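User: I am new to this protein and would like to go through its layout step by step. Please show it first.

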Amino acid sequence: MLDARPTRFGSNSGQPMTRRDGIAKVTGTATFAADNNPEGLLHAVYVPAAIARGRVVKYDTAAAMAHPGVVRIYTPENALPMAGDPEAKPFMFAFRFDALQNDVVRYANQPVALVLGDTLEAANEGARLLNPQYAAESPMVGLDGDDRFEGDGGGFGRAGATVHGDTEAGHAAATQAVDLTYETPEHYHNAMETHAVVARWDGDKLELDLPTQAIVMSRGAYGYYLGIPPEDITIRSPYLGGGFGSKAMVQGPQVLAILAARDLGRPVKLMLRRDQMFGPTGHRGATRQRLRIGIDDDGRMTILDHETLATTSAFDDFIEPASNASQGLYAAGALRSVHTAVRANIGTPGPVRAPGEASGSAALESAMDEMAEKIGMDPLEFRLRNYAETEPGTGRPYSSKALRDCYEQGAARFGWARRPLKPRQMLDDDGMLVGWGMGTALFAAPMFAAEGRATLRPDGTGLIETAAADMGQGAWTALAQIGADALGLPIEKVEFRSGTSDLPDGGVAGGSGHTATAGGALHAAGGDAIRQLAEIAAADPASPLFGTGNTGVVARDGRLYAREDDSRSEAFTDIIARAGGAAVVGTGKASRSPEDAAAHAMYSHGAVFAEVKVDPDLYQMRVTRLVGAFAAGRIINPRLAESQLMGGMIWGISFALHEAAVFDHRTGRIVNGDFAGYHIPVNADVHGLEVITVHEDDPHVNALGVKGVGEIGITGTVGAIANAIWHATGTRVRRFPIRIEDLLAGQ
Ligand code: MOS
């Protein structure tokens, strides 16, 4: 059999190329969904509920309709029918949503009407005049409600229980133990680009400009709700201004706008305001996590017991899977991770960048530090003492795990060896308290389904195609590098088409798996094209490669070479020309060998070291230095990977010190639902930030050896900062974000 493969590591991958879409973005020529203004466009505004629980009893529809430019108003009384049930969950990544199906209000900012206007101003004014009146009931928000249910593990976002070993024996065997409870708040995704859609119907066919993390999957979902075949929908999603999980799901406001466009026979644009992003578009649920760690006399963990209570909505069942963070990391004698949900009058939570692990490792890494402190052991030494050589619980080997190298390289770069064991030992020249802390980072390395197409054209250029999503992470660049390598062409000669649903399904940009997944599909597709080309050459007596069959060929720089004999080669263009000049089209799917998937545990790992400075009088906190060392398999583009990891670490700063939705428990409304009150880091909050990518060769994870870097940066960072703040001040804060008043209270 002919053994023709693209070289696994071509000349494009591994290069720190700049973003292919960078110039378009900085010059403003990149077209985001809401930049589309088709002829006859109507503007839609959704009216957010001003209460968190109750009913809408009255709308001033006549007053709103009387305003010039208001075209139509939809309320539950005249809501447009849907083919699919918004309360059903017929597919993965399906959440229940509100699309005016009744007059019940289940959370603040729930859509309770849609107003269409000739202009955005008219629609906004109509929405104001509509003035819904409510019969409000007392809402429940936060973690203290009584309506609870156990996680059952029954599918996406239904975190379950995982127990390995004899937990009672593990607790009993401990000679030292900690029993600690941490809290994390609700986070809202707050991508720079708010959710938007421009919907245009042509008969029963639908075109959507829509930012989505899963283009082809979204097409299927919208088809279900609208009652049309997915093939009749075209989704264009060339650029996303961030997603973070929120743009993977179908949500009510977008569906309402699409239904209105069909009903009115005109294109409709809806773009959410910033404050409307705090409700119907998902968020990270709040958690209360109890961590019990027990150790023996050698400092080895006999038990790691992690319980999570997490908020979920009144009508769906997503549970932040925070306890899962304790399943993959440390070699405890027994492991227990359980989840309970508490219902609240909030929009349904969902995946937010590093779902589970961000919140879970914030607690776990803090607890590890507290345990180390209790026995007077260096926190890094304590982690090394409990280093998992195989996956805890299952005993499976890791496909690769360079975590020890991460610890070593990160610690060396940071200067960890000079850290005093006790807190409140270091002052800088300005009299600031200085603290150093560290945390381990972990994130799974999944792969999903995706397809790709790769074409060798007769003119010597290539075309690679997959409906992938670039939400800012750099997919357009990294995937093009992989595709060009797969075709054996320099990247300048390869056109990359993506971001639209008429291409092969590029899968979901989520779970830190997009490069491995969509890249894997392109790699396979390129391999298929090269194999076809090699078969043509091998069968052609005029080719220098005639008869290469069993020795095989490799593709490089637009030529096929006989494997192990570089003197025999031929240009792609010549092979194609002699064969009649037709382009060679390859197809492929993302895959991971089932044997490897069963036999190996697959994770990216890292170690994050943090320095903070704290004012000894005012307790203002600054993260002055972060060093993160990450091992994530093969790095396709070091520049973009570093950028992803930095972005994650900055989110870690945000989690540790800034970010929280603050609820008014009387009204159930979020009081800081805007960028004035919802604090995310700005440049002034981010000081020394260093990323080390640690070499890791992984022969099992997939053909490319690629893991993922999108989410892991958050996971070790939060704990590292919390631990550094303890080290600076001697005060342990177990509620995130850590606030000045918490430190003052601890003095
Ligand atoms: Mo993400 S939370 O995997 O989009």
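This is a predicted model: local features need pLDDT of at least 70, side-chain atom pairs count only at pLDDT 80 or more; totals for chains, interfaces and linings use all residues.

User: Into which domains is the protein divided?

Analyst: Domain 3 covers 448-590. Domain 1 is made of 33-138 + 189-277, and domain 2 of 397-446 + 598-745. The division is therefore into domain 1, domain 2 and domain 3.

User: What area is buried between domain 1 and domain 3?

Analyst: The centres of these two domains, taken over C-alpha atoms, are separated by 40 Å. Their contact involves 19 residues from domain 1 and 16 residues from domain 3. Carbon and sulfur atoms give 59% of the buried area, which is about 1200 Å².

User: Which three residues supply 40% of the area that domain 1 buries against domain 3?

Analyst: No other three residues of domain 1 supply more of this area. The residues are Gln213, Ile215 and Val216.

User: Which element gives the largest share of the side of domain 1 that touches domain 3?

Analyst: Two elements give two or more residues to this side: strand E13 (233-236) and helix H5 (215-226). By class, the side has 10 nonpolar, seven polar and two charged residues. The largest share, four residues, comes from E13.

User: How many residue pairs are in polar contact across the interface of domain 1 and domain 3?

Analyst: For salt bridges across this interface, the rule finds zero. For polar contact, with both residues at pLDDT 80 or more, the number of residue pairs is six.

User: Which are the edge strands of the open sheet of five strands?

Analyst: The sheet has the order E18-E19-E27-E28-E31, with mixed pairing. An edge strand here pairs on one side only. That applies to strand E18 (426-427) and strand E31 (688-693).

User: Which residue in E31 is the bridge partner of Val627?

Analyst: Strand E28 (residues 621-631) runs parallel to E31, and six bridges join them. In E31, the partner of Val627 is Glu690.

How values were computed: Residues are numbered from 1 along each chain as its sequence is written. Side-chain values use heavy atoms; hydrogens and water are left out. Contact means heavy atoms within 4.5 Å. Buried area is the accessible area (1.4 Å probe) that two parts lose on being put together, summed over both. A salt bridge is a side-chain nitrogen of Lys or Arg within 4 Å of a carboxyl oxygen of Asp or Glu. A polar contact is a pair of N or O atoms within 3.5 Å; within protein, one must be able to donate a hydrogen and the other to accept it, and residues adjacent in sequence count only if both atoms are side-chain atoms. Ala, Val, Leu, Ile, Met, Phe, Trp, Tyr, Cys and Pro count as nonpolar, Asp, Glu, Lys and Arg as charged, and the others, Gly among them, as polar. Two strands pair if DSSP finds at least two bridges between them.
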